[in-house]
Amino acid sequence: METVERFTLLWLQSGGCGGCSMSLLNAESPDLYNALDLAGIELLWHPSLSEAGSEEFIELIRSIVQGRRRLDALCIEGSLMRGPQGTGRFHMLAGTGRPMIDWVRDLAARARYTLAVGSCACFGGITAAGGNPGEACGLQYDGWAEGAVLPADWRSPGGLPVINIAGCPVHPAWVLDTLALLAAGALGEDVLDELSRPRSYTDHLVHHGGPRNEFYEYKASAEKPADQGCMMEHMGCLGTQARADCNIRPWNGGGSCLKGGYACINCTAPRFEEPGHPFTETPKVAGIPVGLPSDMPKAWFVALSTLAKAATPDRLRENATSEYIKIHPSTKRRSGP
């Protein structure tokens, strides 16, 4: 009987908080291990999940780099630390005497596909904020700029650029769906967007399925935390611009930032970590938000916003600036039987 080779996966963590691994463990229906098994994926090693010690791990990565062991998918979580002065010696891979970025370059040259998991590995993320003394960056992007640890024109042996599964943290299904498509040989460059993010989740806006959309339609806006209204006009919400399906496919079966009462900060985009203003404030010019909904001309937004505010039902206007429902929806009585 012919034995089918399983799709092999190696997961490494670099400069980050480990939150994307924590999110991955929240996979459900099926859970992480069953999802990998159903997709025919063999997890060779993960720093938080594997029992193998350092010697076994080092032998594993050496065998891959030397071509003695096949690797299909290399997943990198966390930003890559190039400091000081591009040497990478701020992050040495323990027990090897080599910088992590050198190992990542060597492993990426062998893996059929390389995936950046989380916005830190994709673009630099939170680790790259501020003065960035560690010279943190993404695998193939440094913020919006193409080219980082791997050059802009780099392609894996499988013919794809680094697949950027951006998010802070990522949704477990974004990772598992992407890996399953790769294992099935069904993911090509045509299903990646202009930042090499899987379109399976970036063809949507966070606004889609949002719990406050009725308030948005009438520009009935929240004015302070805990208000029920739309958070775009005053509270810094970028859900109409951010590309992700957070409110269509929420976390743990029901959670998202908006459902929790927090403004969307567009964590799937490069440089989200430094918007240039407080996350919970909307920058404006002459009272008009600077960041308007995607694909909408400013004149149209102003016109529609003016009309919508004029037509706002009292129920929405009152409830928008309240922590609870002050006016409930009414039901018109029908005459006759």
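# An exposed tryptophan

Tryptophan 300 counts as exposed, at 57% relative accessibility, where exposed means over 50% relative accessible area, buried under 20% and partly exposed in between (1.4 Å probe, protein chains only). The model described here is predicted, so that local features need pLDDT of at least 70 and side-chain atom pairs count only at pLDDT 80 or more, while totals for chains, interfaces and linings use all residues. Residues are numbered from 1 along each chain as its sequence is written, and side-chain values use heavy atoms, with hydrogens and water left out.

Tryptophan 300 is found in helix H9, which covers residues 298-310; helices (H or I, at least four residues) and strands (E, at least two) are DSSP runs numbered from the N terminus. Together with Leu304 and Leu307, Trp300 forms a nonpolar patch on the surface, and the accessible area of these residues together is about 360 Å². Such a patch joins nonpolar side chains (Val, Leu, Ile, Met, Phe, Trp, Tyr) within 5 Å, from residues with over 30% relative accessible area and no salt bridge, and the areas come from the Shrake-Rupley method with a 1.4 Å probe.

# A buried tryptophan

Tryptophan 45, by contrast, is buried, with a relative accessible area of 11%, and lies in strand E2, residues 41-45. Leaving aside neighbours within four places in sequence, tryptophan 45 is in contact (heavy atoms within 4.5 Å) with Leu9, Leu10, Trp11, Leu12, Ser50, Ala52, Phe57 and Leu60.

# Salt bridges

The structure holds 22 salt bridges, each being a side-chain nitrogen of Lys or Arg within 4 Å of a carboxyl oxygen of Asp or Glu. Aspartate 193 forms one with arginine 197, with the closest N and O atoms 2.8 Å apart. Both partners are buried, aspartate 193 having a relative accessible area of 9% and arginine 197 one of 4%.

Aspartate 193 also meets arginine 243 in a salt bridge, at 3.7 Å from N to O. Because aspartate 193 lies in the loop between helix H6 (172-183) and helix H7 (199-202), and arginine 243 in the loop between helix H8 (213-217) and strand E12 (284-285), the pair ties together parts that are 50 residues apart in sequence. Arginine 243 is partly exposed, with a relative accessible area of 21%.

Elsewhere, aspartate 227 forms a salt bridge with lysine 224, and their closest N and O atoms are 2.8 Å apart. Aspartate 227 is buried at 2% relative accessibility, whereas lysine 224 is partly exposed at 39%.

# The chain as a whole

The protein chain has ten helices and 13 strands, and its C-alpha trace spans about 80 × 55 × 35 Å along its principal axes. Of the 337 residues in the chain, 48% are buried. Among the contacts with a separation of 6 or more, 71% are between residues 24 or more positions apart. The accessible surface of the protein chain comes to about 16,700 Å², and 53% of this belongs to carbon and sulfur atoms.

How values were computed:
Patch = residues over 30% accessible without salt bridge, like charges linked within 9 Å, V, L, I, M, F, W, Y side chains within 5 Å.
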